[in-house]
Amino acid sequence: MNRIYLDNNATTPVLPEVLEGWLPYYQGKIGNPSSVHWAGREVANAVEEARDKVAKLINCSPAEVVFISCGSEGDNMAIKGTADALKEKGNHIITTAVEHPAVLEVCQYLQKNGYDVTYLPVDKDGQLDLADLEKAITPQTILISVMWANNETGNIFPIAEIGKIAKKNKIRFHSDAVQSVGKIPVDVQEANVDLLVISGHKIGAPKGVGAIYIRRGTRMTPLLQGGHQERNRRAGTHNVAGIVGLGKACEIAAAEQKEYYRRVRSLRDKLEDGIISQVPEIKLNGTPDRDQRLPNSLNLSFAYIEGESLLLNLDMFGIAASSGSACTSGSLEPSHVMGAMCVEVTLAHSSTRFSLGRETTEEDIDKVLEVLPATVQRLREMSPLYNCGRTAEGCQTCETIRRI
Ligand SMILES: *Cc1c(COP(=O)(O)O)cnc(C)c1O
């Protein structure tokens, strides 16, 4: 069976060029980059080359890039590291209600430890109102943390405008850009960001590596202590192979971002138009303005059916998509992002995310458009919610209910 992978916001396949460049670091170049001998030096050079490539992608100086283990670590580091380093200055943090759990749960943890957190609301399309941000700022505010783009809806937030507000008020600004790098331009200077987090496995590098940009002069308490690596910002022996892979993926992302956008967006638009024209009673979760959404993301609710059952039925055709975010699927709670958008509960439960990638082909999209409408219809016909009150005459469920 042909396998169609439309869950690239959960993770991406490793790029062939990344894998190629990666193997030598398990097969000979085995040194510890902190060692002074030849074995250390050759890998230390490779780590520095990777640092240059990450820096180029986001337009910062290599000395401002710190290698970490994943996006979640970066978000923890940015927020906890700031909260601790600036605790004399204030105890208030502003974030949004739709952040990744690696931001939200860190903020909830800090609330238990004496910090105040404002969670900015979003409207029904998942968009922020910057007037809310301006109103939330107090003399105690030490950090604004807003993701560059949302992993569930694909909505892109007005990061440059938020950066201006942060700068005007002299407040540190962190952005989780895990979903944005490689898909849209991400420039830390233009956006006035002080802390920015990226993750390898969302951009074609291996799992278990990431980077955080820390603007020069930004005081932070390290999350990991115990070694002098990364200019004392992050202890622990470098994941050399992962770092080299991340560097390569960033180099490719920088070179191909425009082409990626054009190609993936046209496939996503085809999928979106195709589903909307063929399937009635659906709801788009996210902004209808496609320019304000990541080019690869589409999130839809299909009335009357459960997202999970749609996923399992698509899976039978080899199609991988996602309901809610991968981290929350398996729980019965509808996603916090749908909740923040006030999506009605049954629609929130049917929310389904399609996230395209570099490998997605026109044939993949044709296949989904062939399979999905019939699958949705079949599931609806089995759904008590769909039948009751519509085909009450002769509807099995209605008959059963009447008998009871
Ligand atoms: C995936 C993701 C993360 C977490 O990154 P990991 O490397 O998997 O820890 C953080 N934020 C966003 C927006 C993500 O999509």
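Helices (H or I, at least four residues) and strands (E, at least two) are DSSP runs, numbered from the N terminus. The views below show a predicted model, in which local features need pLDDT of at least 70 and side-chain atom pairs count only at pLDDT 80 or more, while totals for chains, interfaces and linings use all residues. Residues are numbered from 1 along each chain as its sequence is written, and side-chain values use heavy atoms, with hydrogens and water left out.

**View A. The shell of residues around the ligand.** Helix H3, spanning residues 71-85, gives the most to this shell, with three residues. In total 13 residues surround the ligand, the closest being Ser72, Asp176, Gln179, Ser199 and Lys202; a residue is counted as near if one of its heavy atoms lies within 4 Å of the molecule. By class the shell divides into three nonpolar, seven polar and three charged residues, where Ala, Val, Leu, Ile, Met, Phe, Trp, Tyr, Cys and Pro count as nonpolar, Asp, Glu, Lys and Arg as charged, and the others, Gly among them, as polar.

**View B. Polar side chains facing the ligand.** A polar side-chain atom of Ser72 lies 2.7 Å from an oxygen atom of the ligand, and an N or O atom in the side chain of Gln179 is 2.6 Å from an oxygen atom of the ligand. The side chain of Asp176 places an N or O atom 2.6 Å from a nitrogen atom of the ligand. Taken alone the ligand exposes 380 Å², of which the protein buries 90%, with accessible areas taken from the Shrake-Rupley method with a 1.4 Å probe.

**View C. The seven-stranded sheet.** Seven strands form an open sheet of mixed pairing in the order S2-S8-S7-S6-S5-S3-S4, two strands being paired if DSSP finds at least two bridges between them. Strand S2 (65-68) and strand S4 (116-120) are the edge strands, each pairing on one side only, and the twist averages 20° from one strand to the next. Strand S3 (residues 92-96) and strand S5 (residues 141-145) run parallel and are joined by three bridges, with Ile93 standing opposite Leu143 in S5.

View D. Three strands form an open, antiparallel sheet in the order S9-S10-S12, with strand S9 (282-284) and strand S12 (351-355) at the edges. Five bridges join strand S10 (residues 297-302) to S12, and Leu300 has Thr352 in S12 as its bridge partner. Helix H7 (residues 240-278) lies across S9, S10 and S12 and runs at about 15° to S10; contact means heavy atoms within 4.5 Å, and axes are lines fitted to C-alpha atoms, for helices over the stretch in contact, with angles running from 0 to 180 degrees between N-to-C directions.

Technical notes: A polar contact is a pair of N or O atoms within 3.5 Å; within protein, one must be able to donate a hydrogen and the other to accept it, and residues adjacent in sequence count only if both atoms are side-chain atoms.
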